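Trainee: I would like a close look at a single part of this structure, and then to see how other parts are described in the same way.

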Number of protein chains: 12
Amino acid sequence: MGKSATILVLNGPNLNLLGTREPAIYGRGSLADIEKACRQHAQKLGFDIDFHQSNHEGELIDRIQKARGRMAGIVINPAGYGHSSVALLDVLLACEMPIIEVHLSNIFRREAFRRHSYVSEAARGVICGLGSRGYLLALDALAEIIAVAKGG
Amino acid sequence: MGKSATILVLNGPNLNLLGTREPAIYGRGSLADIEKACRQHAQKLGFDIDFHQSNHEGELIDRIQKARGRMAGIVINPAGYGHSSVALLDVLLACEMPIIEVHLSNIFRREAFRRHSYVSEAARGVICGLGSRGYLLALDALAEIIAVAKGG
Amino acid sequence: MGKSATILVLNGPNLNLLGTREPAIYGRGSLADIEKACRQHAQKLGFDIDFHQSNHEGELIDRIQKARGRMAGIVINPAGYGHSSVALLDVLLACEMPIIEVHLSNIFRREAFRRHSYVSEAARGVICGLGSRGYLLALDALAEIIAVAKGG
Amino acid sequence: MGKSATILVLNGPNLNLLGTREPAIYGRGSLADIEKACRQHAQKLGFDIDFHQSNHEGELIDRIQKARGRMAGIVINPAGYGHSSVALLDVLLACEMPIIEVHLSNIFRREAFRRHSYVSEAARGVICGLGSRGYLLALDALAEIIAVAKGG
Amino acid sequence: MGKSATILVLNGPNLNLLGTREPAIYGRGSLADIEKACRQHAQKLGFDIDFHQSNHEGELIDRIQKARGRMAGIVINPAGYGHSSVALLDVLLACEMPIIEVHLSNIFRREAFRRHSYVSEAARGVICGLGSRGYLLALDALAEIIAVAKGG
Amino acid sequence: MGKSATILVLNGPNLNLLGTREPAIYGRGSLADIEKACRQHAQKLGFDIDFHQSNHEGELIDRIQKARGRMAGIVINPAGYGHSSVALLDVLLACEMPIIEVHLSNIFRREAFRRHSYVSEAARGVICGLGSRGYLLALDALAEIIAVAKGG
Amino acid sequence: MGKSATILVLNGPNLNLLGTREPAIYGRGSLADIEKACRQHAQKLGFDIDFHQSNHEGELIDRIQKARGRMAGIVINPAGYGHSSVALLDVLLACEMPIIEVHLSNIFRREAFRRHSYVSEAARGVICGLGSRGYLLALDALAEIIAVAKGG
Amino acid sequence: MGKSATILVLNGPNLNLLGTREPAIYGRGSLADIEKACRQHAQKLGFDIDFHQSNHEGELIDRIQKARGRMAGIVINPAGYGHSSVALLDVLLACEMPIIEVHLSNIFRREAFRRHSYVSEAARGVICGLGSRGYLLALDALAEIIAVAKGG
Amino acid sequence: MGKSATILVLNGPNLNLLGTREPAIYGRGSLADIEKACRQHAQKLGFDIDFHQSNHEGELIDRIQKARGRMAGIVINPAGYGHSSVALLDVLLACEMPIIEVHLSNIFRREAFRRHSYVSEAARGVICGLGSRGYLLALDALAEIIAVAKGG
Amino acid sequence: MGKSATILVLNGPNLNLLGTREPAIYGRGSLADIEKACRQHAQKLGFDIDFHQSNHEGELIDRIQKARGRMAGIVINPAGYGHSSVALLDVLLACEMPIIEVHLSNIFRREAFRRHSYVSEAARGVICGLGSRGYLLALDALAEIIAVAKGG
Amino acid sequence: MGKSATILVLNGPNLNLLGTREPAIYGRGSLADIEKACRQHAQKLGFDIDFHQSNHEGELIDRIQKARGRMAGIVINPAGYGHSSVALLDVLLACEMPIIEVHLSNIFRREAFRRHSYVSEAARGVICGLGSRGYLLALDALAEIIAVAKGG
Amino acid sequence: MGKSATILVLNGPNLNLLGTREPAIYGRGSLADIEKACRQHAQKLGFDIDFHQSNHEGELIDRIQKARGRMAGIVINPAGYGHSSVALLDVLLACEMPIIEVHLSNIFRREAFRRHSYVSEAARGVICGLGSRGYLLALDALAEIIAVAKGG
């Protein structure tokens, strides 16, 4: 599997504003900080990561399509598109990689429309409310799932 | 009407994955196969077709705007955007061409959120559950509607 | 399969009024016109058709029961019973023939209670809004499904 | 209009049990009593009446279809079918006669499922809770509507 | 019962605009016309009537309170207050007179919020869609109910 | 009570297909098998049974009307009509016999629309999910209820 | 605070009928009885009371506006207006006095529409189902709240 | 049109408390301040204004009825009655003048029951969340609509 | 603040079709007409404007992100995306500029799905139903809000 | 299977009050009477029974866990916990024994919240409305299911 | 009645934390303070009290069962179990003692799931939002109800 | 903080069955395996753990109450009680420790009633769908939150 041991870490709309946007909810770290932490953590786990953010639903879908069959798993923070996008759900269902969904805040303590995520229906696991730590825990979980699958 | 006798066949997000994605639901043919079948069928009916797919909601809207007043009708498989996009409904309402909506699977036997399509509110007719045949039947129907309109 | 190559074309309540009833919605052709067009079209496709209409829910169920195991498929326009009849759904589920549901008007642009059809949950495909053309397209689709099944 | 001055008085399921069924709700008079009162009242108003009851939804639809274009109006007590039958609504919409809906009991004081009647969407007027008097008032109203239409 | 043989005919908000307000829905007659017709009809039936209109919910309630124990019955067209006023329902429940509710238009063919009337839960009968005739039919019904009660 | 000690066992739409229809849900026995078992069981309990099936809602209502005052109780499997028929509920409410409702499958583990039965609101007891055994248990229960009533 | 130690006791529509209206639900005491009991009880607690009833929503609002800044608290039985009046809620929210809501009957055991009260969203406390005693308990509670506020 | 160039500016319940009531939501200006600003602004636009406030639903309706056919347009802040009053909607529908609805606060960011206004269904335009400025913008809009109508 | 005194005027999907699309609803002016009127009006108010339209949700989000901290306020007509886009709401919440939402038509008189706008939850004010005038009124309101903030 | 041929008969909260609690609904027999009847009936069928009642949800779960793999089936009357307990559903799903649910009263004729039982989703069959007889019928059904399973 | 003049004061889950738990909502007094105040108040009223708290639903039910027929009334603060426990409702319905429900906070101003209490359907009266005073008022009310019953 | 550095790991109903119950959903490891893995992992992180399981809602509440102020945080898998227990939410809200909720399966891909957890409203973070790994990730997250809080 050598070269395919890459994990796609994908970030939805407005996550590029992290650190400057409502820090009481989303924390003070920037997306660059999260990317750096993910890279270091992934290296320890023996993975490359492909880290992207986009405000465009279509571009997120394109990225996931390109990852199909080439990468080992996906960590996705769908942000606002998680609540409305059937198209995002569809492309994730079309993948056969393990997927972990991450939300920085605990979406279950927020407005009603934030409590439902289409992405959850395609995800193996969901982690929310743990801030940027959630990304690293998701990488840990993915590493173990991939190891089990390889060993199986 | 000569040169304007073109039909736009528009495909929404993830339909470029056809043939490799959940074949039990969507069948084994690729989108290229559908395009080819549509071109042959349209030729017999005396139409050109303009065949596109995009994962980007905005691009689908752009395509439809360009077809306004230039083409004779639209066959659209909105895929995931059919369930959530008021913007797509709006652009179709703004067209004065006949529109046929196609779904490969019978969306009424699937999850609840797939049973409602905004696009249906702008469509003349809806065909679903007949696989790639649905596209050809839609072209037949459109050809007849256009013929009636011309003759009227 | 020779003799069994018959398709049941079944019409629900009030369709016998076609041509005289709200022509803006249902068109000007009579049910006899549709029957004639279906017979000609079926003949071209190599099928016999058994064409009926009834205002009685129980009689529609009886007809479908009699077709089980004897006919090759069903084209059904359930009209008003499609929205309320679990019994009609049950008998269609009990059939192992392919079923295509047809509605003359686009039920998705009408009153809310017309947007749900129990019959759709048993149908292979659904065609609506294409007037009497819908019946012929349904025969085309059924012919192809039967051919595939035979060849398989 | 001479010969067509007939009014169809149509009674739905279980109304043949009147007088013996839950008299606290439906009163002690039989359906024959109502028929007799209607005939006498209609005679005074200068109309013939065609009075029927059936437990069969299809038969009620057949009766209404036969009245189309032949009779001057309909008084209908749809009983249980009023709450569930889109087919009954459809046939009444297909009529161009004035229609008055009658219920013996005040359906708005009973169980929730009795408060909605599809038939009301096709009726000119609705009278409920006035027992068998409701039929006579409906005939009065119909007589006046027909007189106005004739005079217009 | 002599002097108490008066019927309260009570009219809710905006009914004083009748004849000038949306005549397609409410007809061309004025409220004065209705009052006059009611007086003549009541006289024939042997009743006095007390005829009022108010745009004030509280005043309608006051009127009904004053009628308690003094009059023989109520014909009420609650207009807009019928859809929202629990207080109106309460005062009618507190009366022991027979009550007939009248609506000029068939409220069941109009917007959803017009289909529910609190007043119906207190009324003996409901008449709607028969224009100003509804008032006269209500008086007929009331006369008969009162006669039965007296005779009983 | 001698001659009236007959129990009506009534079967709704599509139950005549038993044994050939979705045996995983409905079992492999035919309706004739159930009838035979019922007859033998009733004989032991000292009852005659009147066993019928119909796909026609109106005919089921007719049968129940005829049983009123003549038979000792009803075992009814309403099948699809149980979920939609207010008319069936009405006729059962009009009976004064004890009624037991039977469903072959456990309707509470199936689709949402199968979980509500109008018939339950008129039934003394409900038995479901026990296959054809349910009929025999219903006869047992009815026998005991009738015995208690006689003894009382 | 001397002169301002007055409590407004406000009674909504139809409470002037107490004693004569549905005594099984509302008890046999009149509103004058309640007023007298309130006056005696208030005197013991060292308060004046201002006791009013109105069937007019606007008058209730006027009364509350006049009490703002002049009185020490409000006991309100909104009766029917509690269930529908946002305007009543608004005026109570605009007050800075403590408010206790009282209902004579236990509204949670009655019809669904009686279970929601807008007034509750502005009230410090709610007492229901304890008959006219509820007023006295409300005065007790108010006295203690005012004492605490004074002492604080 | 000369003398009829008057605009009715109508204010619903509790707006007389402005300036003293929850200033964080409703601002610090009084209703007199708003009236003064409206008068000055209207004068510049060449209109008289008729400015009223009432806590009585019926009085608001009376005022609107009097304006029918006499005034050129209505600016209405219905306050609490906007959320519950069908009667208010009815009287506005009966007017043929242009109507602009104003809310001081952005009702879409408040409690759910404040997000629906019956008045909006009769209004030409809606302005909310802009404080007392909303009244002046409404006058601007009305002036322009009236000018267009005159010119047409 | 000098150079930052720019207002972003942002237009959502299909607004580039204005003037040619359903003029009965949206008016006859083009988006270029609106832009011109906005520029002239802004100049009078002492502002620059940055005027854009896009059919792409992601591009609208990008534009708003770029305006953060650089511009003085936003006028946004979200068109179809207002009804479905949580991502658009999120980016507006992340801005600290005043935002005014504009709709050309009165969305409260249209289909149910057009009555809810996520954008309203982030907007200071909402103006709808006043056609292209709405943009100019929004600029007026924004100018005043900014002036107050500067002065404060 | 010898020693394991025991059936757990489990009774939920408040069933220990039987005979003294609302006899019109629940009958006059005590739980001890039911236990005795069950023991006698089970003996005839060749089973032992383990009969328990508890008001503690956790204790009911403990009992069921202990029965797993040791007993042959469960008859459970969950009483109030059936309507709210996912934990009870979970433990029953974890069992591989046949389960029959019993309710003394016909829960479908009672309050809405009594019509849904989580337990039904795990039960093979449901019997309700037949009083204490329901337990004996459940034992009959269980005996037959176990016999079939053994023989299979 | 001598010895039975005991009132059960029963407290649901987490009320043992009072004084240390969210004092802004629940106040600073401990449950021991409430018990002491209740004992003193009851003594004045001539009653013994039996005061308990439990976090176990089953134990609360056991306590209530033991009080049946032995005590004179119940004051219950069901806390969290009030919102979910049908079993608690059932045991209270099985009691024939008067029951008063108390909540420390005004549950109608809190989250939606706290606004419904099953217990209210069995309670004579409900007192909420008056802090620990609510217990004493409940004892007053109970004392008076018991006195009336004794005197009757 | 020395001795208080203990984390409560609390397991709800039926989790003691792990390994033997529906392994396709819940995995093959036993609760003892999870406990062992948690102990080893906690030791590495420098924490003691207090590990419990109970089928009794009250006992879970008792455990959490005892942990208040004594332990450093809670990892809770509420199982079935998460979906129905307001009492569990209340006790968690009363704690001031960080709480992480864990579910073995992805509850968002299961039945509708499993998608809502009251516990989530009190939890800092939620992890689901990652099997027993979820516990270890929760311990990691808790360790970091506690470290941050200590350092702050």
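Trainee: What covers the buried residues of α3(D)?

Mentor: The model is predicted, so local features need pLDDT of at least 70 and side-chain atom pairs count only at pLDDT 80 or more, while totals for chains, interfaces and linings use all residues. Residues are numbered from 1 along each chain as its sequence is written, chains are lettered from A and ligands numbered from 1 in the order in which they are written, and side-chain values use heavy atoms, with hydrogens and water left out.

The cover of the buried residues of α3(D) includes β1 (6–11), β3 (73–77) and α4 (86–94) of chain D, as well as α3 (57–67) of chain C and α3 (57–67) of chain F. Element names come from DSSP runs, numbered from the N terminus: helices are H or I with at least four residues, and strands are E with at least two. "Buried" stands for under 20% relative accessible area and "exposed" for over 50%, with partly exposed in between (1.4 Å probe, protein chains only). Helix α3 of chain D covers residues 57–67, and its buried residues are E57(D), G58(D), L60(D), I61(D), I64(D), Q65(D) and A67(D). Just after the helix, G69(D) has a positive phi of about 75°.

A helix in chain L can be read in the same terms. Helix α2(L) runs over residues 31–45, which is 15 residues, and spans 21 Å from its first C-alpha to its last, close to the 21 Å expected at 1.5 Å a residue. That expected span is 1.5 Å times one less than the number of residues. Its buried residues are L31(L), I34(L), C38(L), H41(L) and A42(L). Seen down the axis of α2(L), they fall within an arc of 100°, so they line one face of the helix. The arc is taken from the directions from the helix axis to the C-beta atoms. A32(L), K36(L), Q43(L) and K44(L), on the other side of α2(L), are exposed. The cover of the buried residues includes β1 (6–11), β2 (48–53) and α5 (133–151) of chain L.

After the helix comes G46(L), with a positive phi near 85°.

N14(L) has a phi near 75° and sits in the loop between β1 and α1 (23–26) of chain L. With a relative accessible area of 0%, N14(L) is buried. In chain H, the phi of A79(H) is near 45°, and A79(H) lies in the loop between β3 (73–77) and α4 (86–94) of that chain. A79(H) counts as buried because its relative accessibility is 13%.

Next come the places where chains meet. Contact means heavy atoms within 4.5 Å. Between chain A and chain B, 17 residues of chain A are in contact with 16 residues of chain B. The pair buries about 1,400 Å², with 48% of that from carbon and sulfur atoms. Buried area is the accessible area (1.4 Å probe) that two parts lose on being put together, summed over both. On the chain A side, Q65(A), V86(A) and D90(A) lose the most area to chain B, together 33% of what that side buries. There is 1 salt bridge between the two chains; R114(B) and D90(A) form a salt bridge through their side chains, at 3.0 Å from N to O. The term needs a side-chain nitrogen of Lys or Arg within 4 Å of a carboxyl oxygen of Asp or Glu. The side of chain A that touches chain B takes two or more residues each from α3 (57–67) and α4 (86–94) of chain A. Its largest share, 7 residues, comes from α4(A).
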